[in-house]
Amino acid sequence: MSFREWLQKAEKDLILARDSLSRGFYDYATFHSQQCAEKALKAFLVSKGEPIKRTHDIGELILLCAKVDPEFLKLFDADVDVLTTYAVEARYPTLHEPDVNPMKKRRKTQ
């Protein structure tokens, strides 16, 4: 896939994440948010001619991107890597629903 194709897929996941969030479908919102981030990071790697790994691990993808551009490390400050949890968790009914606002709770404990 070209980087443009990866970005098109990421954009569709972003649309689905926003729509799911507006409907209160937090499990789908987090799943599509994770998918959006994953595909956008892979788009960057492809655009730079870097190989992409078959992984859903956002942290790992951020580190790969940071080898090309260290600015990607700032994504860890925004806890973007937390999305990795939702690559699988949000898709199955046996696992808990995602927290509506995990960042708010996280900030309170810091």
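Against which helices do the buried residues of H3 pack? They pack against H2 and helix H4 (74-77), where helices (H or I, at least four residues) are DSSP runs numbered from the N terminus. This is a predicted model, in which local features need pLDDT of at least 70 and side-chain atom pairs count only at pLDDT 80 or more, while totals for chains, interfaces and linings use all residues. Residues are numbered from 1 along each chain as its sequence is written, and side-chain values use heavy atoms, with hydrogens and water left out.

**Helix H3**

- The buried residues of H3 are Ile58, Gly59, Leu61, Ile62, Cys65 and Ala66; buried means under 20% relative accessible area, exposed over 50%, and partly exposed in between (1.4 Å probe, protein chains only).
- Viewed along the axis of H3, these buried residues fall within an arc of 160°, so they line one face of the helix; the arc is that of the directions from the helix axis to the C-beta atoms.
- At the start of H3, the backbone nitrogen of Gly59 has a side-chain oxygen of Asp57 within 2.9 Å.

**Nonpolar core**

- Eleven residues make up the largest nonpolar core, among them Ala37, Leu41, Phe44, Leu45, Phe72 and Val80; such a core is a set of buried Ala, Val, Leu, Ile, Met, Phe, Trp, Tyr and Cys residues joined through side-chain atoms within 4.5 Å.
- Helix H2 (26-47) and helix H3 (58-68) each supply at least two residues of this core, and the largest share, five residues, comes from H3.
- Apart from neighbours within four places in sequence, Leu41 is in contact (heavy atoms within 4.5 Å) with Ile58, Leu61, Ile62, Cys65, Phe72 and Leu75.

**Aromatic pair**

- The structure holds one aromatic pair. Phe44 and Phe72 form this tilted pair, at 4.5 Å centre to centre and 45° between the planes; rings of Phe, Tyr and Trp (its six-membered ring) pair if their centres lie within 6.5 Å, and planes under 30 degrees apart count as stacked, over 60 as edge-to-face and the rest as tilted.
- Phe44 lies in helix H2 and Phe72 in the loop between H3 and H4, so the pair ties together parts that are 28 residues apart in sequence.
- Phe44 is buried, with a relative accessible area of 17%, and Phe72 is buried at 16%.

**Ser33**

- Ser33 is found in helix H2 and is partly exposed, at 28% relative accessibility.
- The side chain of Ser33 reaches the backbone oxygen of Ala29 at 2.7 Å.

Methods. A polar contact is a pair of N or O atoms within 3.5 Å; within protein, one must be able to donate a hydrogen and the other to accept it, and residues adjacent in sequence count only if both atoms are side-chain atoms.
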